Amino acid sequence: MSAWRFCPLCGAGLQVRAVADLPRLVCGADCGFVHWDNPAPVLAALVEYHGRVVLARNQGWATGAFGLITGFLERDEDPAAGVAREVKEELGLDATAVTLIGVYPFARQHEVIVAYHVRAEGEIRLNEELAEFRLIAPEKLKAWDFGTGLAVSDWLARRVP
């Protein structure tokens with residue numbers, strides 16, 4: 001549950017009440033505000049570049065921890081266009097093909113991941129968010145059992161070499 005304490009509309013205290021069969025924070029003065037606390041949509045790109053998969057390490061991650069390219073979906077943005085934007089922003093690459101892999105819950109981060117396979121070209125230029133990258137041959141790629149790793153697993157299972 002969110003740490004919100006006061007209604008952003010009228011300033012009254014929030015209370016937990018059942019709304020749509022779930023506990024929600026609602027305005028105690030009954031002004032109509034409900035904090036739905038829905039998960040944030042996150043885009044993930046399994047980037048294929050010159051026949052290899054790009055894994056990147058975020059500046060804040062431990063050495064040796066690599067993952068897919070991810071970012072938040074912007075308001076009014078088409079998810080496929082958004083994932084191409086993230087690939088451009090974070091890697092400096094242009095998406096040439098974008099195909100949906102799947103949608104995955106990521107409750108521990110309060111997110112929903114919309115994952116795409118992105119074929120890309122250009123020259124890799126990391127932005128300030130990323131510390132380093134690796135190029136992995138698809139046959140050597142190993143999925144992890146949470147978050148974007150579920151998309152990696154599905155992509156590997158459907159992949160035709």
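What you see is a predicted model. Start with the largest nonpolar core, which has 17 residues. Those with the most contacts inside this core are Ala 45, Val 47, Ile 69, Val 87, Leu 91 and Leu 93. Two or more residues come from each of strand E4 (40-49), strand E5 (52-58), helix H1 (79-91) and strand E8 (111-121).

Take Leu 91 as an example. Setting aside neighbours within four places in sequence, what is Leu 91 in contact with? The list includes Val 47, Val 54, Ile 69 and Leu 130.

Another core lies apart from the largest one and has 16 residues. Among them are Val 53, Ile 113, Ile 136 and Leu 141.

Now the rings. How many aromatic pairs does a search of the whole structure find? The search finds one. The pair is Trp 4 with Phe 33, at 5.8 Å centre to centre and 10 degrees between the planes. The pair counts as stacked because the planes are under 30 degrees apart.

Trp 4 sits in the segment before strand E1 (14-19), and Phe 33 in the loop between strand E2 (22-27) and strand E3 (34-35). The two are 29 residues apart, so the pair links distant parts of the chain.

Phe 33 counts as buried, because its 14% is under the 20% cut-off.

Last, Arg 108 has its charged end over the ring of Phe 146, 4.4 Å from the ring centre.

Technical notes:
Residues are numbered from 1 along each chain as its sequence is written. This is a predicted model: local features need pLDDT of at least 70, side-chain atom pairs count only at pLDDT 80 or more; totals for chains, interfaces and linings use all residues. Side-chain values use heavy atoms; hydrogens and water are left out. Rings of Phe, Tyr and Trp (its six-membered ring) pair if their centres lie within 6.5 Å; planes under 30 degrees apart count as stacked, over 60 as edge-to-face and the rest as tilted. Helices (H or I, at least four residues) and strands (E, at least two) are DSSP runs, numbered from the N terminus. Buried means under 20% relative accessible area, exposed over 50%, partly exposed in between (1.4 Å probe, protein chains only). A charge sits over a ring if NZ of Lys or CZ of Arg is within 6 Å of the ring centre and within 35 degrees of the ring normal. A nonpolar core is a set of buried Ala, Val, Leu, Ile, Met, Phe, Trp, Tyr and Cys residues joined through side-chain atoms within 4.5 Å. Contact means heavy atoms within 4.5 Å.
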